[in-house]
Amino acid sequence: GQTLDIHTGGIDHIPVHHNNEIAQSEAATGKQFSRFWMHGAFVNVDSGKMAKSEGNFIRLTALEENKIHPLAYRYWLLTAHYRSPIMFSYEAVRASQNALESLVRKIAQAQKQKNFFKDLFANTKDTQKKLKEILGNDLDTPTAIAFLHKTVDEIISNKKNIKSLDCFDETLGLRIADLARYISNVPENIKKLSKEREKARASNNWILADKIRNEIENTGYFLEDSSDGPKIFKSLLHYNP
C-alpha cells in the first residue's frame with residue numbers, strides 16, 4: 001500500500017535520505033509514509049564504519065577464508081542491539097562461532113538421549129510467546145540470544161521439548177536444529193579412527209592417540225572426551241544448506 005509498516009536503514013540516512021523519502025511520498029499520496037522507523041547503527045572496524053565507499057568492507061569469502069561460517073557472523077550480529085554500534089574483529093566473531101557450536105553440540109547430544117521429552121507441544125507455546133515479547137520490545141536480539149541459551153539448557157535438562165527451537169530458527173535464522181542434525185552425521189571411517197584412538201589411550205600410547213586425534217580434527221570433526229567416552233561432531237564450517 002501507500003503506507004509502510006516498517007522502514008529500515010542505516011543511521012546515516014536519517015538527516016537527508018529518509019527525510020527526502022518522507023517528503024516525496026507524503027506529498028504524492030497525502031498519507032503517512034511509514035509507521036515505524038528502525039535505523040541500524042554501524043558495524044565498525046578499526047578504520048571506522050564498515051562501508052564499500054571506505055574500502056574496508058568484509059566479504060563472506062573473507063569470513064570463510066578465516067574459517068568462520070556465515071551463520072556465526074549472523075549470531076555475532078544478533079548479540080548486539082540493532083541501534084547499538086558493534087566493532088568487528090575476527091576474534092569476536094570466532095568467539096561467537098564457538099558459542100554457536102557449543103549450543104549446537106548440546107542439542108545434538110540431547111537428541112541421542114533415550115529419555116528425551118516426548119510431548120511435542122509441551123512448553124513450545126510458552127517459548128514462542130516469550131520470544132515474541134522479547135523481539136516485540138524494539139527487536140531486542142541480545143535478550144533473545146540469552147533466552148535461546150536458557151531454552152537449550154532446559155531442553156538438555158529435559159524440561160522442554162526440542163520443538164521449542166523451531167520458533168528461534170524461524171525468527172533468528174540460526175538453524176540450530178538443522179545444524180545439530182548435520183554435525184551428528186559422522187561417517188564410519190571417522191568412528192573407526194576414534195576406536196583406534198581409544199585403544200591407543202588404553203595402552204598409554206599417547207603419541208599415537210594424539211596423532212589419530214589430529215587426523216580426525218584435520219578432516220573437519222571435533223573430538224570431545226568425556227566420562228561416557230569420546231563424542232564426535234562434524235565442524236559446522238562445511239555446512240551448506
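1. F88 is buried, its relative accessible area being 7%, where buried stands for under 20% relative accessible area, exposed for over 50% and partly exposed for what lies in between, with a 1.4 Å probe and protein chains only. This is a predicted model, in which local features need pLDDT of at least 70 and side-chain atom pairs count only at pLDDT 80 or more, while totals for chains, interfaces and linings use all residues. Residues are numbered from 1 along each chain as its sequence is written, and side-chain values use heavy atoms, with hydrogens and water left out.

2. The ring of F88 pairs with that of Y90: the centres are 5.1 Å apart and the planes stand at 75°, so the pair is edge-to-face. Rings of Phe, Tyr and Trp (for Trp, its six-membered ring) pair if their centres lie within 6.5 Å, and planes under 30 degrees apart count as stacked, over 60 as edge-to-face and the rest as tilted. The count by this rule comes to 7 aromatic pairs, and one aromatic cluster is formed by Y73, W76, F88 and Y90. Y90 itself is partly exposed, with a relative accessible area of 21%.

3. Helix α4 covers residues 90-111, and its 22 residues should span 32 Å at 1.5 Å a residue, which agrees with the 31 Å between its end C-alpha atoms. The expected span is 1.5 Å times one less than the number of residues; helices (H or I, at least four residues) and strands (E, at least two) are DSSP runs, numbered from the N terminus. The buried residues of α4 include V93, S96, Q97, L100, E101 and L103. Against which elements do the buried residues of α4 pack? They pack against α3 (70-78), α6 (141-156), α7 (165-172), α8 (176-183), β6 (221-224) and β7 (231-234).

4. Y75 has its place in helix α3 and is buried, with a relative accessible area of 4%. Leaving aside residues up to four places away in sequence, Y75 touches S96, A99, L100, L103, I145, H149 and L174, a contact being heavy atoms within 4.5 Å. From Y75 to T143 there are 68 residues in sequence and 12 Å in space, C-alpha to C-alpha.

5. The largest pocket holds about 500 Å³ of space. Of the 21 residues that line the largest pocket, G40, A41, F42, V43 and L77 are the closest to its centre. A pocket, on a 1 Å grid over the protein atoms alone, is an open set of points where a 1.4 Å probe fits, with protein on both sides within 12 Å along at least five of seven lines, and lining residues have an atom within 4 Å of a point. Its volume is the space filled by probe spheres set on the points, which are joined across faces, edges and corners. Helix α3 gives the largest share of this lining, 3 residues.

6. About 260 Å³ is the volume of the second largest pocket, and among the residues that line it are K67, Q97, N98, E101 and H238. Helix α4 gives the most to this lining, with 3 residues.

7. K67 lies in the loop between α2 (60-65) and α3, counts as exposed at 60% relative accessibility, and has a positive phi of about 60° although it is not a glycine. N204, in the loop between α9 (188-202) and α10, also has a positive phi, near 60°, in a residue other than glycine, and counts as exposed at 53% relative accessibility.
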